[in-house]
Amino acid sequence: MASQPFTETRAGISVGGVFGRSVNIIKANPVATLGVTFAMVALPQLLVGLMVGRASLTREFQDGAYALFSLYGLAVLLLWLVAGGALTHAAIAHDQGRRADLREILRLGVARALPMLAVNILFFVGIWIGFAVLIVPGIILAVMWSVAMYAIAAERTGIFGAFGRSRALTKGARWHVFGILLLAFVIYLLVSIVTGVASVAGYGSFGALTGGATIHVPTSPSVIVQLLQALITTVLVTWFTLVGAALFIELRHWKDGPDVDRLSEIFA
């Protein structure tokens, strides 16, 4: 029997369907997707990167700053969750055939941030336990719960109900879900590595052109390099997050069928 091509799965989901949906969401709603990610994820990192670089150059970085950056880390996590919730609702709006309203998706992103935080904590604790016992159980749990965050963002499932919803949606398609998420992660990782290497090389070339014969080792990248990194991060994080949202929608279509009336209830 000929093997079935991975891009057209028996489960009714495909790499092309998920990746294509994620790109189409961005194209249809650039402000509500790229704009939200830049404002809530990339811009804070850019500003802190500039401040840290300045502090290291002037030797003003004090021990007390560690507590400040711990608070910054928590703030970044919450902003990322708000952005993730907003992107999820942008994906749902696109699935309903309408443009995402920026105020609407941000309101819903803020409202779902804390439940999403709880789901993420439980997710990573469960995955850590699974990997601590054996690697395979950790992978199984990761795939089984892979759309739990999107379920809590998009539906009124409750924190524990989000895991049950994800388990039900991925049942019968977990190998395909694993392959799609693995491919997306590899793409994300490779682009991140290439961007990092190119940024270092580009900064070194810029320094060689402007610094004459003596090339000093930079303590931090230039503003232009960091801005370019922020823009690439915006596109990459937006796409990767929307791959998960698109997968959630594709699985829901496969299991439940499109139900615009039911989806509209979450915007009430």
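Arginine 165 counts as buried because its relative accessibility is 18%, where buried means under 20% relative accessible area, exposed means over 50%, and partly exposed lies in between (1.4 Å probe, protein chains only). Arginine 165 lies in helix α7 and aspartate 256 in helix α9 (residues 223-256), so this pair ties together parts that are 91 residues apart in sequence; helices here are DSSP runs (H or I, at least four residues), numbered from the N terminus. The two side chains form a salt bridge whose closest N and O atoms are 2.6 Å apart, a salt bridge being a side-chain nitrogen of Lys or Arg within 4 Å of a carboxyl oxygen of Asp or Glu. Aspartate 256 is partly exposed, with a relative accessible area of 40%.

This is a predicted model, in which local features need pLDDT of at least 70 and side-chain atom pairs count only at pLDDT 80 or more, while totals for chains, interfaces and linings use all residues. Residues are numbered from 1 along each chain as its sequence is written, and side-chain values use heavy atoms, with hydrogens and water left out.

Arginine 165 also meets glutamate 155 in a salt bridge (2.9 Å, N to O). That pair links distant parts of the chain, ten residues apart, with arginine 165 in helix α7 (residues 159-170) and glutamate 155 in the loop between α6 (148-154) and α7. Glutamate 155 counts as buried, at 11% relative accessibility. A network of salt bridges links Glu155, Arg165, Arg252 and Asp256.

The structure holds six salt bridges. One of them joins the side chains of arginine 21 and aspartate 95 (3.1 Å, N to O). Because arginine 21 lies in helix α1 (residues 15-28) and aspartate 95 in helix α3 (residues 65-95), the pair ties together parts that are 74 residues apart in sequence. Arginine 21 and aspartate 95 are both buried.

As for confidence, the chain averages a pLDDT of 82, and 76% of the residues score at least 70, pLDDT being the predictor's confidence in each residue, from 0 to 100. Over residues 212-218 the pLDDT is below 50, and beyond near neighbours in sequence this stretch has two contacts in the model, a contact meaning heavy atoms within 4.5 Å. Where pLDDT is low, the predicted coordinates should not be read in detail.

Key
Helices (H or I, at least four residues) and strands (E, at least two) are DSSP runs, numbered from the N terminus.
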